Number of protein chains: 2
Amino acid sequence: MYPQSLQKLIEAFRHLPGVGEKTAERYALAVSDMNPETAQEFSQAIQEVREKLTHCRICGNLSDNEECSICTDNSRNKRVIFVVQSAKDVIAMEKTGEYKGAYHVLNGLISTSKGIMPEDLNIDSLLERAKDAEEIILATNTTMDGETTAMYLHKLLGEVCPEVLVTRIAHGLPSGGLLDYADEMTLAHALSDRRRMR
Amino acid sequence: MYPQSLQKLIEAFRHLPGVGEKTAERYALAVSDMNPETAQEFSQAIQEVREKLTHCRICGNLSDNEECSICTDNSRNKRVIFVVQSAKDVIAMEKTGEYKGAYHVLNGLISTSKGIMPEDLNIDSLLERAKDAEEIILATNTTMDGETTAMYLHKLLGEVCPEVLVTRIAHGLPSGGLLDYADEMTLAHALSDRRRMR
């Protein structure tokens with residue numbers, strides 16, 4: 001029903017997460033309304049991400065260079081490694097401004113249901129890095145796959161470098177959380193991981 | 001915080017309607033995860049819309065050619081003209097499968113608050129077309145600007161071609177509408193425009 005060029009763009013937008021027919025139409029029509037320079041920049045931005053963006057050789061984070069801006073930042077403590085599922089998690093953590101160590105991005109989680117095995121993840125280089133580390137903070141999600149991956153890494157790190165401290169991020173009630181709205185797992189963890197008040 | 005290429009793409013996505021920081025990040029990361037061919041097609045689709053897509057010389061609808069697929073379709077009755085604000089409205093109407101006439105896309109509505117005047121709209125060519133028409137159906141939205149525009153066109157068409165029938169789409173309760181949820185304007189119209197039951 002749409003002109004072919006617009007139809008193709010609608011289909012392209014549908015590859016984005018959570019974008020259905022209606023939204024894709026809206027986006028494509030917005031592109032058709034853009035001034036030519038903005039549309040040109042948009043098209044080029046996709047092209048550049050495709051051509052330039054890669055994974056940091058050291059930590060697996062997204063980067064335009066061989067090594068990411070965190071791994072090349074000498075003010076950060078490279079002996080503390082915060083292990084996450086994806087580059088999104090690095091950004092989320094960086095936004096807190098609370099963390100001054102390094103990261104390691106697994107680029108996935110072990111998932112028996114999706115058939116994702118440890119060898120599909122960026123784990124070998126973590127073991128390499130762990131040897132010189134002080135602390136490895138396992139910060140995968142507190143979902144089933146996240147817990148499985150954390151458990152697996154905990155065991156593996158214990159074998160490869162038993163002298164390195166391995167910790168897991170706290171699992172409890174979120175800020176502003178209501179007890180009577182929290183699920184059982186969250187409450188159970190909030191209880192078992194309770195800490196002494198100073 | 002993101003690599004520069006990704007940051008630029010996030011900014012590009014923010015030009016889309018209703019896309020905030022979080023959604024733009026999600027989309028840009030999805031592009032970084034796409035296989036290279038899909039990303040290439042996406043970039044190219046934007047490029048093609050920019051280069052090829054234009055407004056139909058006759059009706060103002062979006063088209064890859066000088067004349068759109070509806071204006072060049074000889075099975076349609078070109079003497080009935082359905083006047084709408086934008087190409088989106090053409091698609092919405094086409095999806096009903098109920099209409100076999102032609103369209104005229106104004107590409108906007110008269111709006112005193114936004115400073116959009118009749119001369120900013122695709123009206124001259126409508127007057128030209130109206131001379132050979134049987135019926136002009138004014139199908140702008142039932143919003144303030146839509147009503148203003150319909151009223152203006154009604155008056156103008158009455159002067160330019162007084163012999164042509166000018167109608168306005170029905171304004172009343174939508175399908176599945178609940179009386180006690182309808183606003184006053186809708187209810188007032190539903191009453192004043194009531195029709196005799198057969």
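Predicted model: local features only at pLDDT ≥ 70, side-chain atom pairs only at ≥ 80, totals over all residues.
Chain A is divided into two parts, domain 1 covering residues 4-52 and domain 2 covering residues 74-196. Taken over C-alpha atoms, the centres of domain 1 and domain 2 of chain A are separated by 35 Å.

In chain A, 4 strands form an open sheet in the order 4-3-5-6, and the pairing is parallel. Strands of a sheet pair through backbone hydrogen bonds, in either a parallel or an antiparallel manner. Strand 3 and strand 4 of chain A run parallel and are joined by 5 bridges. Asn77(A) has Gly101(A), in strand 4 of chain A, as its bridge partner. Helix 4 of chain A lies across both strand 3 and strand 4 of that chain, and runs at about 155° to strand 4 of chain A.

Chain B also holds an open sheet, with 4 strands in the order 4-3-5-6 and parallel pairing. The edge strands in chain B are strand 4 (101-105) and strand 6 (165-168), each of which pairs on one side only. Strand 3 of chain B (residues 77-84) runs parallel to strand 4 of chain B, and 5 bridges join the two. Within this pairing, Phe82(B) stands opposite Tyr103(B), a residue of strand 4 of chain B. Helix 4 of chain B, made up of residues 87-96, lies across strand 3 and strand 4 of chain B, at about 155° to strand 4 of chain B.

The loop between strand 2 (62-63) and strand 3 of chain B contains Asn74(B). Asn74(B) has a relative accessible area of 75% and is therefore exposed, the cut-off being over 50%. Along the chain, Asn74(B) and Ala30(B) are 44 residues apart, and their C-alpha atoms are separated by 43 Å.

The contact between the chains takes 44 residues from chain A and 44 residues from chain B. About 4,300 Å² is buried between chain A and chain B, with 72% of it on carbon and sulfur atoms. Of the area that chain A buries against chain B, 14% is supplied by Met1(A), Ser5(A) and Ile46(A), more than by any other three residues. Across the interface of chain A and chain B, 2 salt bridges are found. The side chains of Lys95(A) and Glu25(B) meet in a salt bridge, with an N to O distance of 3.0 Å.

Side chains of opposite charge can pair when their charged atoms come close. Over all chains, a search of the whole structure finds 20 salt bridges. In one of these, between Glu67(A) and Arg57(A), the closest N and O atoms are 2.1 Å apart. This pair links distant parts of the chain, 10 residues apart: Glu67(A) lies in the loop between strand 2 (62-63) and strand 3 (77-84) of chain A, and Arg57(A) in the loop between strand 1 (54-55) and strand 2 of chain A. Glu67(A) counts as partly exposed at 25% relative accessibility, whereas Arg57(A) is exposed, with a relative accessible area of 51%.

Arg76(A) forms a salt bridge with Glu94(A), and the closest N and O atoms of the pair are 2.8 Å apart. Here too distant parts of the chain are linked, 18 residues apart: Arg76(A) belongs to the loop between strand 2 and strand 3 of chain A, and Glu94(A) to helix 4 (residues 87-96) of chain A. Because buried means under 20% relative accessible area, Arg76(A) counts as buried at 10%. Glu94(A) is buried as well, with a relative accessible area of 18%.

In chain B, the side chains of Lys131(B) and Glu128(B) meet in a salt bridge at 3.4 Å, N to O. Lys131(B) is partly exposed, its relative accessible area being 45%. In chain A, Arg57(A), Glu66(A) and Glu67(A) are joined into one network by salt bridges that share partners.

Methods:
Residues numbered from 1 in each chain as written. Chains lettered and ligands numbered in written order. Heavy atoms only, no water. Pairing = 2+ DSSP bridges. Contact = heavy atoms within 4.5 Å. Axes fitted to C-alpha atoms, helices over the stretch in contact; angles between N-to-C directions. Buried < 20%, exposed > 50% of the residue type's maximum accessible area, 1.4 Å probe, protein only. Domains from an automatic or database assignment. Buried area = accessible area lost by both parts, 1.4 Å probe. Salt bridge = Lys/Arg side-chain N within 4 Å of Asp/Glu carboxyl O.
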